[in-house]
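Thanks for coming, everyone. Please have the sequence and the 3D view open while I talk.

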Amino acid sequence: MVETRKRGRNSKSPASTTEAMDFQYSATTSQNESITAQNDVLVAANDAVLDATANNDAKNPPAARRGRGRPRKSGAGHTEDTEPHMGASPERRPYQNGTMVVEPPPQPVAKWESVAARVVPAMDAVVKVFCVHTEPNYSLPWQRKRQYSSSSSGFVIGGKRVLTNAHSVEHHTQVKLKKRGSDTKYLATVLAIGTECDIALLTVDDEEFWKGVSPVEFGDLPALQDAVTVVGYPIGGDTISVTSGVVSRIEILSYAHGSTELLGVQIDAAINSGNSGGPAFNDKGKCVGIAFQSLKHEDAENIGYVIPTPVIRHFIQDYEKNGAYTGFPILGVEWQKMENPDLRLAMGMKPDQKGVRIRRIEPTAPESNLLKPSDIILSFDGVNVANDGTVPFRHGERIGFSYLVSQKYTGDTALVKVLRDSKILEYNIKLATHKRLIPAHTNGKPPSYYIIAGFVFTAVSVPYLRSEYGKDYDFDAPVKLLDKHLHAMAESIDEQLVVVSQVLVADINIGYEEIVNTQVIALNGKPVKNLKSLANMVENCTDEYLKFELEYQQIAVLQTKAAKAATLDILTTHCISSAMSDDLKT
């Protein structure tokens, strides 16, 4: 997450920050108490060994004694040690019966080595990201909100580039980077922003920035219980911070910023606001992920998530291959599990056949003319799909088959085997990105709008719903809009959900003041496909009246010439420079 700072008011995270996911500070306290309790056990054990040694010495005095009292503690510090020391030298234990006991390295007991100590060279590649954001005002789309500042983390990779989170630099007007131990902030350029995977790629033109910095090396996807060290600049201080933990889960996660589902790694390391974009290192000092969100729940503690290296590599290779970020493709179908035996029999499946049933197919997806509802997906690219929609992942693990799709790139083809009417069919399907009727992001573009006679028309998006109804928009927004947000599919690439956002009160629109966020179905009997088509129909209308057909069988009628004449006065009254956004003028 991003640490935000605002002059003259309380700190506020940007709207793009993972809202459903946050960090619980109590988790850190709980972890420290647990570690303290473990240290007390180690101290008690050492005391017991000393007492036994003292009693033994009273009966059998040793030939020589070196030192008295409790053995010196290791300078590494108990509160951050997470892994047994596996050095080449043997472990030396206290004297017993006058003889020093030497044990081989594989059985260390009380000496630990911090994972952080192994990644010290790579820590110099971790930078602090300072960003000034200026978000669009979706409720008043002709203007922007007040700017605010945030700080997060990032790290240097090959090719003189820096990785951080997409929500760390979303709607940026200025981005600066500061190296560890430096007092200089360098201006950065944003090369690409991947909204689905929450990754952004930056660079710095000043050659001074790259001196003395070695790029981070990427490691493989970690296994369960592997040690990880998260490095970054979280709240609570200005210097670099290191927290350690282990990998506790690997599965398909919901990415809060991108509203997508991709491979993710769950860890139990303490992660706080400002850690966003910071690397997660394994015990060999190689980066295995990027910290980006955490679970906020009263029953959960120390649950943080990192973007794993397969997703990171996909983002980087996509940018290098296409010169821009093109996104993660999807199959474009909604499917149903086939775990019920009667359902499988009714669909004509044999006992040895497994798969999932297609419920709906997106009309804009390339496979819409190949696949059909009630087709059974048996395999994807030669990998068999189970009745619960999972595929083999690693030894003893399974994962959702959408993972196989996310490994592809936009424009790639995939071999899909389906069962239709008890016949097995195979199709080579070209994969494309998702076209949502209500998009999750505007990809940095300002919102579109059109104004006529005080009626403000705009296209609905998730940022617009969040602006109108707050972060709990999925509970507070009108049922009709939520239904379309969750279930409706775009019939064409350029289809938009157009609504009357509000009515700027004037004499010409008396009686329409209460029309708010109501969908526009048609104008003078012609369906409204998108906002641009609506603007063109109004501007070119030669009929005497403008008749807007709205949701819930409402209509709004305006005299055409009077409406166009009144628009200029209304724009002047509300200090609006133009009746339409720039993208509608072309």
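First, the ground rules. This is a predicted model, where local features need pLDDT of at least 70, side-chain atom pairs count only at pLDDT 80 or more, and totals for chains, interfaces and linings use all residues. Residues are numbered from 1 along each chain as its sequence is written, and side-chain values use heavy atoms, with hydrogens and water left out.

Now the overview. The chain has 11 helices and 32 strands. Both are DSSP runs, numbered from the N terminus: helices are H or I with at least four residues, strands are E with at least two. The chain has 586 residues, and 47% of them count as buried. Buried means under 20% relative accessible area, exposed means over 50%, and partly exposed is in between, using a 1.4 Å probe and protein chains only.

What about contacts? A contact means heavy atoms within 4.5 Å. Take the contacts between residues at least 6 apart in sequence: 64% of them join residues at least 24 apart.

And the surface? The chain exposes about 29200 Å², with carbon and sulfur atoms supplying 49% of it. Accessible areas come from the Shrake-Rupley method with a 1.4 Å probe; for residues, only the protein chains shown count as cover.

On to helix α4, residues 309–322. How far should its 14 residues span? The expected span is 1.5 Å times one less than the number of residues. For α4 that gives 20 Å, and the end C-alpha atoms are 20 Å apart, so the two agree. Which residues of α4 are buried? They are T309, V311, I312, H314, F315, I316, D318 and Y319. Just after α4 comes G323, with a positive phi of about 75 degrees.

Next, helix α7, residues 462–469. Its buried residues are V462, P463, Y464 and L465.

Now a loop residue, T134. Find T134 between β6 (126–133) and β7 (148–157). Is T134 buried or exposed? It is buried, because its relative accessible area is 12%. Leaving out residues up to four places away in sequence, T134 touches R144, K145, Q147, H171 and T173.

Cysteines next. How many disulfides are there? A search of the whole structure finds zero, where a disulfide is a pair of cysteine sulfur atoms within 2.5 Å. C287 is buried, with a relative accessible area of 0%. C575 counts as exposed, at 69%.

Then a surface patch. Y545, I555 and V557 form a nonpolar patch, with about 270 Å² of accessible area together. Patches use residues with over 30% relative accessible area and no salt bridge; like charges are joined within 9 Å, and nonpolar side chains (Val, Leu, Ile, Met, Phe, Trp, Tyr) within 5 Å. V557 lies in strand β32, residues 555–559. V557 is partly exposed, at 33% relative accessible area.

Last topic: salt bridges. The structure holds 15 of them. Each is a side-chain nitrogen of Lys or Arg within 4 Å of a carboxyl oxygen of Asp or Glu.

One of them joins K160 and E207, at 2.7 Å from N to O. This pair links distant parts of the chain, 47 residues apart: K160 is in the loop between β7 and β8 (161–164), and E207 is in the loop between β11 (199–204) and β12 (227–232). K160 is partly exposed at 40%, and E207 is partly exposed at 46%.

Another pairs D381 with K408, with the closest N and O atoms 2.7 Å apart. D381 lies in the loop between β20 (376–380) and β21 (383–384), and K408 in the loop between α6 (402–406) and β24 (413–420), so the pair ties together parts 27 residues apart in sequence. D381 is partly exposed at 33%, whereas K408 is buried at 18%.

That's the tour. Which pair shall we open first?
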